[in-house]
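Me: I should like to learn how to read the features of a protein model, one at a time. Could you guide me with a worked case?

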Amino acid sequence: MTDGPRQRANTSGSAKDAAEEESGGGVALKKEIGLVSACGIIVGNIIGSGIFVSPKGVLENASSVGVALIVWIITGIITAIGALCYAELGVTIPKSGGDYSYVKDIFGGLAGFLRLWIAVLVIYPTNQAVIALTFSNYVLQPFFPTCLPPENGLRLLAAVCLLLLTWVNCSSVRWATRVQDIFTAGKLLALGLIIIMGIMQICKGDYYWLEPANAFKPFKDYNVGLIALAFLQGSFAYGGWNFLNYVTEELVDPYVNLPRAIFISIPLVTFVYVFANIAYVTAMSPQELLASNAVAVTFGEKLLGVMAWIMPISVALSTFGGVNGSLFTSSRLFFAGAREGHLPSLLAMIHVKRCTPIPALLFTCLSTLLMLCTSDMYTLINYVGFINYLFYGVTVAGQIVLRIKQPNIHRPIKVSLIWPVIYLIFWAFLLIFSLYSEPVVCGIGLAIMLTGVPVYFLGVYWDNKPQWFDALVDKMTYLGQKFCVVVYPAQSNSSSGGSGEEGEEMKEARSPLSKEDGDTQKSEDC
C-alpha cells in the first residue's frame, strides 16, 4: 500500500530517546465500544432529524407514494452493499479514520489528504452546526409559539449543546458511548411509536395511499431526472453509515463486531425508514406531507392529541444524540489524520489518564462553533455534499484496486467483487446525474476540495522546512500538550495496521514533552 510522506516534528536525540522510553508502555485508546454501542453509533448517526422533520425530498421527486417507497428500499439496499465493502476494508486495514485511511493507504497521501481536507474544512463543522441548530430550534420553539425563536438564541443554545457534549467526550469514552446508546434508543422508540400508530391506522382501514391503484398515481408527471434526484436524496438520508469505520481501533474485537454492527444496523435503519414513511401516508395525503415543515410533528398533532408534544421532544433528543455521535466519530478522523502527519501532531495525542483524544475533540468543537457564526453553512453543505459522495465511490473502488495490487493480503472478510461493482454502477449514475443537473454547485465543491493541493505540498510533502518554523511548531505543540495534559498514544501492532518502519516514524513524531510525561502513572481507566 502506498504511504504518503509524513510531516515530522523536530526529532532531537533527547526527544527520540524519550519516545522510545515511553513506547514500552504508554497510554492508548481504549477498546470500549462493544456491539451494542457500535450499532448505536451507526444507527444514531444515520437517523438524525431528517426522518422526523422532512422526509419529503424523496416523495417530492418520486412523484408518487409507491415510487417513493421503492426508492427508500433500493437506497437502503445500496447502502448495505456499500457498508459490506467498507466492512472488508475495515478489517483488512484495521485503522481508525475510515475512508480517509483507506484512500490514503491505497491511492497515496495526496488523495487521502484531500478527503481529510474537505472533511476538516467544511463537511463535519457544517453538519454538526446544522444538527445543533435543529436541536436548539425544537427546544426553543415551545417558548415562542407565535413566532420564530431569535437567531442569536438558537446559536447560543446550539453552542451550549456542543460544549456540553465535547466535555462529555473529553471526559470518558464510556460516557460518550452511553450517551449515544441512550439517545439512539430514544429515537428508535419514537420512530417505533410512529410505526405502531401507522399500523393502527391500517387496521382501521386508513390505507388509501397504500393501495396499488393510488400508491402509484402520480401527483405530478413522472420524470427520469426527478426520480434520479429522489435516489440522490435517499442516499443522502442514509449518510453516516460509514462512521463506525472511523473508530475501528476502539472496537472490542473489531474483526467480529465491525461487520456484525453493519449487518444489524443498516437493515434496521432501512426497515425504520420505509415503515415510518408508510405510517406518515396513513395519516396524511402526499400534498399534506409535502406542505409540512415538520412531518413527525404534524403526524403527532393528527393522531396523538394531547400527547402530541412527544414528537418535538423526540426530534430534539434525536438531534442531541446526533451531535454526540458526530463529535465522537469526526474527532477520531482528525486524530487519524494527525497521526499520519496530515494535521498538526498535537491532534494525534490523548489524555494521560482519560485516554481520550482531547485536542482533536477541542479542534472539532472549535471549528463547529466558528461555523455557527456564519450564515453560509447551508450553502457550503450543498457544495461539498457532492464531494462527500464522490469519496464513497473512490473508497469502494479502492477495494477493487487493493484486490489487484495485494491479492494475498490477509482479509478476515472477503466479499464477492460483484458487490463493489454494483455499488459503483449506482454511484456513477448518481454522480453523473449530479454533474449534469447542478454543474456549478459540483464545480464549486471540486474547487473547494482542490484548495487542499497546495496545502498538502507546502504542509506535508515539503520535509525540509526552515528551522525556525519547526521550532515554532514544536513550541506550540509543547504548550498544547501542557494545556491538555496529553501524549502520543502507544502504538500496538494489531491496531496500527502499518509496517515496522511506520512504527519508527510514529516514535520520531512524538514531541519533547514525551519524556516529562513518560513517568506519569497510567490510570486504571487506561
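Predicted model: local features only at pLDDT ≥ 70, side-chain atom pairs only at ≥ 80, totals over all residues.

Me: How many helices and strands does the chain have, and what percentage of its residues count as buried?

Reply: The secondary structure comes to 24 helices and 2 strands. The chain has 526 residues, of which 56% count as buried. Among contacts between residues at least 6 apart in sequence, 83% join residues at least 24 apart.

Me: Where do Tyr-124 and Phe-334 lie in the chain?

Reply: Tyr-124 belongs to helix α7 (residues 109-140) and Phe-334 to helix α15 (residues 310-339). They are 210 residues apart, so this pair links distant parts of the chain. Tyr-124 counts as buried, at 3% relative accessibility, and Phe-334 counts as buried at 1%.

Me: With which other ring does Phe-334 form a pair?

Reply: Phe-334 also forms an edge-to-face pair with Phe-363, at 5.5 Å centre to centre and 85° between the planes. Phe-363 lies in helix α16 (residues 358-372), so its pairing with Phe-334 in helix α15 ties together parts 29 residues apart in sequence. Phe-363 is partly exposed, with a relative accessible area of 28%.

Me: Which residues do ring pairs link into a cluster?

Reply: The cluster consists of Tyr-86, Tyr-102, Phe-236, Trp-241, Tyr-389 and Tyr-392.

Me: How should I read a salt bridge, and how many does the structure hold?

Reply: Side chains of opposite charge can pair when their charged atoms come close. The structure holds 14 salt bridges. In one of them, the side chains of Arg-332 and Glu-250 meet at 2.7 Å, N to O. Arg-332 lies in helix α15 and Glu-250 in the loop between α11 (224-237) and α12 (254-283), so the bridge ties together parts that are 82 residues apart in sequence. Arg-332 is buried, with a relative accessible area of 0%, and Glu-250 is buried with a value of 0%. Arg-332 also lies over the face of Phe-328, at 4.1 Å from the ring centre.

Me: Which parts of the chain does the salt bridge of Glu-88 and Arg-411 link?

Reply: The side chains of Glu-88 and Arg-411 meet at 3.5 Å, N to O. Glu-88 is in helix α5 (residues 65-92), while Arg-411 is in the loop between α17 (377-405) and α18 (418-437), 323 residues apart. Both Glu-88 and Arg-411 are buried.

Me: Which residues are linked in a network of salt bridges?

Reply: Such a network links Lys-95, Lys-104, Asp-105 and Glu-340.

Me: How should I read the sides of a helix, and which residues of α21 are buried?

Reply: An α-helix has 3.6 residues a turn, so residues three or four places apart point the same way. In α21, the buried residues are Asp-474, Thr-477, Gly-480, Gln-481 and Cys-484. They lie on the same side of α21, because they cover an arc of only 125° around the axis. The face turned away from that buried side carries the exposed residues Trp-468, Met-476 and Phe-483.

Me: What span should helix α21 have?

Reply: Helix α21 (residues 467-484) has 18 residues and should span 26 Å at 1.5 Å a residue. Its end C-alpha atoms are 26 Å apart, which agrees. After α21 comes Val-485, whose phi is positive, near 55°.

Me: Finally, is Asn-245 buried or exposed, and with which residues is it in contact?

Reply: Asn-245 is placed in the loop between α11 and α12, and counts as buried at 1% relative accessibility. Leaving aside neighbours within four places in sequence, its contacts include Tyr-86, Lys-95, Tyr-102 and Leu-258. The C-alpha atoms of Asn-245 and Thr-329 are separated by 8.8 Å, although these residues are 84 residues apart along the chain.

Technical notes: Residues numbered from 1 in each chain as written. Heavy atoms only, no water. Helix = DSSP H or I, 4+ residues; strand = E, 2+ residues; numbered from the N terminus. Buried < 20%, exposed > 50% of the residue type's maximum accessible area, 1.4 Å probe, protein only. Phe/Tyr/Trp six-rings, centres within 6.5 Å; stacked < 30°, edge-to-face > 60°. Lys NZ or Arg CZ within 6 Å of the ring centre and 35° of its normal. Expected span 1.5 Å × (residues − 1). Arc of directions from axis to C-beta. Salt bridge = Lys/Arg side-chain N within 4 Å of Asp/Glu carboxyl O. Contact = heavy atoms within 4.5 Å.
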